[in-house]
Amino acid sequence: MSADFVPTADLHDKHGDALLSCYLQLRQFGARTRFRGTIATVRCHEDNVLVKQALSEAGHGKVLVVDGDGSLHRALLGDVIGELAVGNGWEGVVINGVVRDSAALATLDLGIKALGTNPRKTPKLGLGERDVPVAFGGVVFVPGATLVSDEDGVVVLP
């Protein structure tokens with residue numbers, strides 16, 4: 001992480017309530033605990049086709065925010081898709097849902113935040129939406145906005 005990374009607590013001190021702060025208690029899964037980038041989004045429910053599609057594209061300077069409806073039943077990200085994200089330069093992935101292959105994800109140079117884990121994979125139906133505003137944890141994540149994540153949480157700059 002670059003020396004100019006500003007922690008989320010300091011960002012809150014600077015921006016106050018204008019800073020959107022996700023109240024979900026997301027767990028850290030990737031090796032990169034601090035990350036920042038321009039938001040891209042996926043909305044899906046227990047189907048990770050669009051997640052894989054997005055992370056297959058160049059992601060330099062971007063964070064993928066995935067609204068999986070908070071489902072704990074099927075993992076939206078695992079080691080194969082995580083490695084794809086690293087290879088394509090993504091900064092991080094924030095998931096309102098679960099991941100699998102957590103031991104392998106912990107070794108990837110990628111920020112990954114999610115609700116938890118479940119080893120169950122998803123069906124491959126391709127249902128959902130990309131690049132639309134998604135909302136969870138008291139925050140509306142709008143494509144193009146800037147997300148910052150660290151050990152204290154996930155925020156979106158005003």
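Q: How many salt bridges does a search of the whole structure find?

A: Side chains of opposite charge can pair when their charged atoms come close. The cut-off here is a side-chain nitrogen of Lys or Arg within 4 Å of a carboxyl oxygen of Asp or Glu. The search finds seven salt bridges. This is a predicted model, where local features need pLDDT of at least 70, side-chain atom pairs count only at pLDDT 80 or more, and totals for chains, interfaces and linings use all residues. Residues are numbered from 1 along each chain as its sequence is written, and side-chain values use heavy atoms, with hydrogens and water left out.

Q: Where in the chain do Arg34 and Glu151 lie?

A: Elements come first: helices (H or I, at least four residues) and strands (E, at least two) are DSSP runs, numbered from the N terminus. Arg34 sits in the loop between strand E2 (27-28) and E3. Glu151 sits in the loop between E13 and E14, and the two residues are 117 apart. Their side chains form a salt bridge, 3.0 Å from N to O.

Q: Is each of these two partners buried, partly exposed or exposed?

A: Buried means under 20% relative accessible area, exposed over 50%, and partly exposed in between (1.4 Å probe, protein chains only). Arg34 has 30%, so this residue is partly exposed. Glu151 has 52%, so this residue is exposed.

Q: Which residue forms a salt bridge with Arg43?

A: Glu129 does, with the closest N and O atoms 2.5 Å apart. Arg43 lies in strand E3 and Glu129 in strand E10 (residues 129-130), so the pair ties together parts 86 residues apart in sequence. Arg43 is partly exposed at 29%. Glu129 is partly exposed at 38%.

Q: What does Arg130 pair with?

A: Arg130 forms a salt bridge with Glu57, and the closest N and O atoms are 2.9 Å apart. Arg130 is in strand E10, whereas Glu57 is in the loop between H2 and E4, 73 residues apart. A further case is a network: salt bridges that share partners join Arg32, Glu91 and Asp109.

Q: Which residues touch the most other members of the largest nonpolar core?

A: In soluble globular proteins, nonpolar side chains tend to be buried together. A nonpolar core is a set of buried Ala, Val, Leu, Ile, Met, Phe, Trp, Tyr and Cys residues joined through side-chain atoms within 4.5 Å. The largest one has 23 residues, and Val42, Val51, Leu55, Leu64, Val66, Ile95 and Val99 touch the most other members. Elements that each supply at least two residues include strand E3 (35-43), helix H2 (49-55) and strand E4 (62-67). H2 gives the most, with four residues. Another core lies apart, with 15 residues, among them Val63, Val132, Val139 and Leu147.

Q: What is Val99 in contact with, leaving aside neighbours within four places in sequence?

A: Contact means heavy atoms within 4.5 Å. The partners of Val99 include Phe29, Leu77, Leu105 and Ile112.

Q: How does strand E14 (residues 153-156) pair, and are its faces covered or open?

A: Two strands pair if DSSP finds at least two bridges between them. Strand E1 (residues 20-21) pairs with E14 in the antiparallel sense over two bridges. Ser21 stands opposite Val155 there. Strand E13 (residues 146-150) also runs antiparallel to E14, joined by four bridges. Asp150 has Gly153 as its bridge partner. A hairpin of two residues connects E13 to E14. Both faces of E14 are covered: Gly153 and Val155 are buried on one side, Val154 and Val156 on the other.
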